[in-house]
Structures are given as C-alpha cells and as structure tokens.
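Please consult the sequence and the model shown below.

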Amino acid sequence: MIPYGRQSISEEDIQAVVEVLRSDFLTQGPAVSVFEGGVCDYTGAKYGVAVNSGTSALHLACLALGLGAGDWLWTSCITFVASANCGRYCGAEVDFVDIDPVSWNLSVERLKEKLETANKENRLPKILVAVHLSGLPCDMEPIHALSKQYGFRVIEDASHAIGGRYQGEPVGSCRFSDITVFSFHPVKTVTTGEGGMALTNDQALADKMMRLRTHGITRDSELMSHEPDGPWYYQQIDLGFNYRMTDIQAALGISQLKRLDEFVSRRHELADRYDHLLQDLPIQCPSRDDGDKYSGLHLYVVRIKKHGSSGTHKQIFCYMRDKGVGVNVHYIPVHTQPYYNQQGMREGSFLEAERYYNEAISLPMYPELSEQQQNYVVDALKEAISDCRST
Ligand SMILES: *Cc1c(COP(=O)(O)O)cnc(C)c1O
C-alpha cells in the first residue's frame with residue numbers, strides 16, 4: 001500500500017537519537033532547548049515551548065490565553081478534531097466557521113458575518129484557532145485585523161504548515177497571532193515520533209506554557225508566595241500537566257529540522273507533477289502559491305467533481321484503496337461528529353464544508369514518494385474516475 005503520508009528517517013536521524021540514549025538525559029534536557037532554539041531560528045518566533053504532542057501544545061496555548069468556562073473558541077469545520085477539542089479541555093464552548101470554496105481554509109467572509117452576529121448577541125469568541133489546512137496559510141492579516149476589532153486572540157494551528165510562508169515570512173513567526181502550534185506526528189512534515197511546539201513572541205505566554213507543561217511548578221523565587229524553604233524548594237502555582245517532550249524526541253527533531261527546506265521543496269516538486277498529470281481530469285487541485293502564501297504542503301487534497309451519482313466520491317476512494325493506494329479524507333467536518341452534536345452542533349449548518357467533505361480525497365504526498373509511485377497513483381485515479389463514470 002502506498003500511504004498518504006510517511007516520515008523520512010535518515011541514518012543521521014538515527015545516529016542523533018542513539019547519541020541521546022548514551023547521554024545523561026532521556027527526558028526533557030539540553031536537546032529540548034536546542035530544538036526549541038532551532039525552531040525559533042527557523043520561524044523567527046522569540047519563544048518555543050516543546051511538548052509531547054500538537055494537541056498538548058493547543059491545550060497549553062488555550063490555557064495561557066486564559067480560556068475557561070463561559071468562553072467561546074471558534075475554529076474551522078474542516079480540521080482535525082484536536083483544533084476544537086482544546087477549547088473543550090478548558091471548559092469553553094466550541095463553534096465553527098465555514099470554509100472558503102477556493103482555499104478550503106476558514107472563510108474570512110463567513111468569519112466577519114459570524115462576528116457581527118455574535119457581537120449583537122454578546123457571544124464573541126475569546127479565541128479563534130486558524131488552521132492552515134494542508135499547509136496553506138490562512139488569510140492571517142485580515143484575521144488579525146478582525147481580532148483587534150472584536151477583541152479575540154488568535155492561535156495558528158500550523159500542524160500542517162511548518163516550512164510554509166505567509167507574506168514572505170515563515171509560518172510560526174506569530175506576526176499575526178498570539179501563539180502558533182506545530183505537530184511533529186510522523187505523518188507531519190517534521191517528526192519527533194510524537195511531539196508538538198507552541199511558539200510565541202510574548203514572554204508571559206511562553207513562561208506560562210513552560211510552567212503548565214510541567215505540573216504548574218516553578219523554581220523562580222520571584223513567583224513564590226514566600227522565600228524558598230531551601231535549595232530543594234519549588235512551588236506549584238498553577239494546575240499543570242506532564243506534557244514534556246523527551247530529549248530522545250528532541251534529538252530527532254533537531255536532526256529532521258536540517259532537512260525541512262528539502263522536505264518542503266520535494267513536496268512542491270511532487271505537487272507540480274500532480275497538478276500537471278491531473279489537469280485533464282474533472283477534479284479541483286489544491287491552491288498552493290499565490291505570491292502571499294507558500295504552502296507547507298503536508299497534504300495534497302483533490303476535490304472530485306460530481307458527475308451525477310452521489311456515490312462517486314466513495315466509489316473512487318474504494319477503487320483507489322483496492323489498487324493499493326492509501327488515499328484518505330481530511331477531514332470529516334468536526335461539527336458533524338457525534339460528540340459535537342451533543343454540544344448542539346448540527347449537520348447542515350456549514351454547507352461549504354459539507355460539500356468539501358463529499359468531494360475531498362488526499363493523494364499520497366511525502367518526500368520519499370517516487371515518480372513511479374506517483375504515476376501509479378495518477379493512473380489509478382484516472383481508472384477510478386472512468387470506471388465510476390461508466391457504472
Ligand atoms: C496532527 C494535528 C493536530 C494534533 O497533533 P498531534 O501531534 O497528533 O497531537 C492538531 N491539528 C491538526 C490540524 C493536525 O493535523
């Protein structure tokens with residue numbers, strides 16, 4: 001089976017991990033700080049807080065921004081459930097914004113309308129999680145302007161977008177957001193096995209997230225309620241978690257980061273080939289570069305245009321799987337998940353997202369995908385489409 005995504009591990013990566021195993025530190029130690037520094041250097045953000053998953057980074061980001069019961073968090077309907085769940089972890093209510101029919105990211109037009117209504121009803125969000133779907137940056141400048149107008153905070157869920165750019169700056173610079181989050185799950189562009197990072201330019205937010213990743217404990221006497229009892233002393237001043245990244249993971253991350261640009265340009269090479277090879281098919285290829293935006297290209301999603309039968313999308317998907325192509329669907333609209341139905345969300349409320357869901361298929365996209373394999377994927381898709389048309 002040709003998977004839709006896969007890590008690329010070099011001998012150097014393996015060596016880096018082995019070295020940590022022979023060192024004094026296994027869990028959070030010097031490699032974690034080096035990895036944080038490396039991601040900050042790459043993105044231009046001032047502070048990086050490495051944690052054990054992208055989900056944990058989202059959770060800490062929400063907590064650092066003060067999200068709690070009675071607040072609202074909004075995000076795109078087309079994302080992984082974690083972009084929404086982080087709000088629920090904090091006891092906040094979650095609502096969604098429909099997507100743009102071209103970029104498939106959350107629509108700034110829909111956001112604007114929803115904010116106007118919410119403003120009248122006195123239920124403005126505290127946080128917007130802007131998800132850079134497939135690695136394509138959202139329209140951050142207008143989103144930032146709206147956040148100032150309506151007084152909400154912005155988290156970029158850049159789990160797909162490391163290595164991407166917006167207005168010439170690396171995703172993660174936090175120029176138009178409070179915090180940016182990366183995931184280092186193995187299907188993502190850079191991996192640490194499991195892992196994530198929250199980036200920010202705000203020292204207070206960084207300090208808070210660093211404290212929360214390790215139980216809410218501090219050794220800084222200035223933050224304590226009284227003088228330390230002795231050199232052993234620490235105080236727990238918040239309710240935190242054990243969200244630490246290990247040095248084993250960080251060593252892999254440091255080594256992977258060296259190949260980030262290579263990974264992303266290889267992804268663009270493959271995407272160029274897909275765009276070309278698929279141009280005569282009745283499908284919509286993803287938007288990637290438009291001067292302002294350069295995609296990190298975690299995913300290559302195509303939309304199958306309807307030709308009559310409503311079963312087509314599923315038939316094409318199953319045909320590809322039968323041919324050994326591990327296509328996937330990113331994502332099931334989050335508001336249609338049973339858990340969010342229990343929270344009052346209803347199918348039929350975000351039609352653009354629901355249309356997307358009925359057409360989207362993720363084709364294999366990862367640096368080690370060969371051109372031969374890619375040709376096989378394209379041939380299988382062509383067959384699938386003509387096969388489904390004739391039935
Ligand atoms: C992968 C992913 C996450 C969660 O990251 P983990 O590291 O798996 O916890 C969050 N949001 C999006 C959009 C993702 O793709």
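The charged end of R123 sits over the ring of W72, 4.4 Å from the ring centre. K114 likewise lies over the face of W74. A charge counts as sitting over a ring if NZ of Lys or CZ of Arg is within 6 Å of the ring centre and within 35 degrees of the ring normal.

| Charged residue | Ring | Distance to ring centre |
|---|---|---|
| R123 | W72 | 4.4 Å |
| K114 | W74 | 5.3 Å |

The model is predicted: local features need pLDDT of at least 70, side-chain atom pairs count only at pLDDT 80 or more, and totals for chains, interfaces and linings use all residues. Residues are numbered from 1 along each chain as its sequence is written, and side-chain values use heavy atoms, without hydrogens and water.

Nine aromatic pairs are found in the whole structure. The ring centres of F241 and Y243 are 4.9 Å apart with planes at 10°, so this pair is stacked. Rings of Phe, Tyr and Trp (its six-membered ring) pair if their centres lie within 6.5 Å; planes under 30 degrees apart count as stacked, over 60 as edge-to-face and the rest as tilted. F241 is partly exposed at 26% relative accessible area, while Y243 is buried at 15% (buried is under 20%, exposed over 50%, partly exposed in between; 1.4 Å probe, protein chains only). Ring pairs also join F96, Y339, Y340 and F350 into a cluster.

The search finds zero disulfides, a disulfide being a pair of cysteine sulfur atoms within 2.5 Å. For C138, the closest cysteine sulfur is that of C77 at 12 Å, too far for a bond. C138 is buried at 1% relative accessibility, and C318 is partly exposed at 37%.
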